[in-house]
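Please read them alongside the sequence and the coordinates.

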Amino acid sequence: MTISKKAGNLNSIDAGDRVIDWLALEWYECSKRILHKKTGMGITVMLKFLEIDPAFTQGDIVYQDEKAIIAIALLPCDVMVLSPRSMYEMASICYETGNKHLPLFYDNDELLIPFDQPFFKLVTGFNYALKREQRQLLQPLKTTVKPHGNTVDTIFSKLMKLTATHE
């Protein structure tokens, strides 16, 4: 079965008595344009999103009919959970994460980063509120950073200006 568009999200429909067949994805597969996977019930599915970034999230429906729904289930993974105690610490963590080109996720005032041993050792040395857990990475923190030399402020420079008078 080839699928090239989403059909909504489980949060916005009434599934009724239809069977939900889960298609398990890792966090790094959520923006893949072409994927070959099997659902929990063994149906082979080819996701083919050539024109747009699919940006899959928990509960996205990729197929539905009157009897069944195939929906995305994001698998939990090993993550670093950082709880910034100030805006300065938030900016510093975001800067270090971006400097290492690591993906960053946000959930309930916590920053989530897929586990990376060298980065874990680095941030442990900074004395941040840090823990290691199994979590779903549901909300990517997307930023747009302008090229160097641009007169428009980046998110980092705005955060640093906000915190400059506080610490």
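1. Basis. This is a predicted model, in which local features need pLDDT of at least 70 and side-chain atom pairs count only at pLDDT 80 or more, whereas totals for chains, interfaces and linings use all residues. Residues are numbered from 1 along each chain as its sequence is written, and side-chain values use heavy atoms, with hydrogens and water left out.

2. Nonpolar cores. A nonpolar core is here a set of buried Ala, Val, Leu, Ile, Met, Phe, Trp, Tyr and Cys residues joined through side-chain atoms within 4.5 Å; buried means under 20% relative accessible area, exposed over 50%, and partly exposed in between (1.4 Å probe, protein chains only). The largest such core has 13 residues, of which Leu 23, Leu 25, Val 45, Leu 47, Phe 56, Val 62 and Ile 72 touch the most other members. At least two residues of this core come from each of strands E2 (19-25), E4 (44-48) and E6 (68-74), and E6 gives the most, with three residues; strands (E, at least two residues) and helices (H or I, at least four) are DSSP runs numbered from the N terminus. Another core, of ten residues, lies apart from it and includes Leu 82, Ile 93, Ile 113 and Val 123.

3. Thr 97. This residue is found in helix H1 (residues 87-99) and counts as buried because its relative accessibility is 1%. Not counting residues up to four places away in sequence, Thr 97 touches Leu 102, Pro 103, Leu 104, Ile 113 and Phe 119, where contact means heavy atoms within 4.5 Å.

4. Leu 50. In the loop between E4 and strand E5 (61-64), Leu 50 counts as exposed because its relative accessibility is 53%. Leaving aside its neighbours within four places in sequence, Leu 50 is in contact with Arg 33 and Ile 34, and its C-alpha atom is separated by 9.5 Å from that of Lys 32, 18 residues apart along the chain.

5. Cysteines. With a disulfide taken as a pair of cysteine sulfur atoms within 2.5 Å, the count comes to zero. Cys 77, buried at 10% relative accessibility, has its sulfur 9.9 Å from the closest cysteine sulfur, in Cys 30, and this is too far for a bond.

6. Lining by class. The lining of the second largest pocket has 13 nonpolar, two polar and two charged residues; Ala, Val, Leu, Ile, Met, Phe, Trp, Tyr, Cys and Pro count as nonpolar, Asp, Glu, Lys and Arg as charged, and the others, Gly among them, as polar.
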